[in-house]
Amino acid sequence: MNNKEKFDRYAEMLRDWSTRMNLVAPSTLGDIEQRHFADSAQLADVLPVDAHVIDLGSGAGFPGIVLAILGWRVVCIESIGKKAAFLNAVREELHLDNLTVYHGRVENYISALPHDNKTVFTARAFAPLIKILDYVAKTPYPLYLLKGREIPAEIDVARRKYKFDYKLIPSKTGDGFIIIIQKGR
């Protein structure tokens, strides 16, 4: 199965499973390719090619499954059982051997995270920046987050508690941004 076939099958599964559970907003199901796949795939332009991606609060698999299809080693963390089941079904259906699904809470996974110099965190529609930084504060790993147009206000709030360097890159697919945080503390 080539990548186009994988994305097509992923979209079919997303539409099918969305009839039984809330994976994405119903209004976005007609434009999965642009709204979800292309939005997530823009991280491919900024991620290190050898990164080990840990996707926080993966939900329907954005950006984690998209990045796994594109070739990254990915761990999708999802605490909701039905969503973790969906992620596992996609992993099996698409034969994504480079994808691991962790059914549990982000803070539990991070507390047992082995150290390596290739780990990066990603997230999309997961939590406010301050909450994400709270989860990863004790790790040295960079963050590559897909955030909406409210990110300047989130940065202001987070900087009251944390010092960090960041880079904002305008989204190619909407009015949001990619924020890259190289070092949080």
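First, the ground rules. This is a predicted model, where local features need pLDDT of at least 70, side-chain atom pairs count only at pLDDT 80 or more, and totals for chains, interfaces and linings use all residues. Residues are numbered from 1 along each chain as its sequence is written, and side-chain values use heavy atoms, with hydrogens and water left out.

Start with the elements. The protein chain has 7 helices and 7 strands. Both are DSSP runs, numbered from the N terminus: helices are H or I with at least four residues, strands are E with at least two. Read from the N terminus, the order is α-α-β-α-β-α-β-α-β-α-β-α-β-β.

Now the overall dimensions. The radius of gyration is 16 Å, which agrees with the value near 16 Å for a compact globule of 185 residues. That radius is taken over C-alpha atoms, and the globule rule is 2.2 Å times the number of residues to the power 0.38. Along the principal axes, the C-alpha atoms fill a box of roughly 45 × 35 × 30 Å.

How much of the chain is buried? Of its 185 residues, 50% are. Buried means under 20% relative accessible area, exposed means over 50%, and partly exposed is in between, with a 1.4 Å probe and protein chains only.

Next, contacts, meaning heavy atoms within 4.5 Å. Take those in the protein chain with a separation of 6 or more: 61% of them are between residues 24 or more positions apart.

On to helix H2, residues 32-41. Ile32, His36, Phe37, Asp39 and Ser40 are buried there. Down the axis of H2, these buried residues fall within an arc of 165 degrees, so they line one face of the helix. The arc is that of the directions from the helix axis to the C-beta atoms.

Setting aside neighbours within four places in sequence, its contacts include Leu43, Val53, Pro63, Leu67 and Tyr144.

Proline 63 brings us to the backbone. It sits in the loop between strand E1 (52-55) and H3. The peptide bond joining phenylalanine 62 and proline 63 is cis, with omega about 0 degrees. For background, most peptide bonds are trans, and most residues other than glycine have a negative phi.

Which brings up two residues with a positive phi. Histidine 95 has a phi of about 55 degrees, although it is not a glycine. Its place is the loop between helix H4 (81-93) and strand E3 (99-103). Histidine 95 is exposed, at 57% relative accessible area. Alanine 125 also has a positive phi of about 55 degrees and is not a glycine. It lies in the loop between E4 and helix H6 (129-136). At 78% relative accessibility, alanine 125 counts as exposed.

Buried, partly exposed or exposed? Glutamate 12 is partly exposed, with a relative accessible area of 45%. Its C-alpha atom is 24 Å from that of leucine 146, which lies 134 residues away along the chain.
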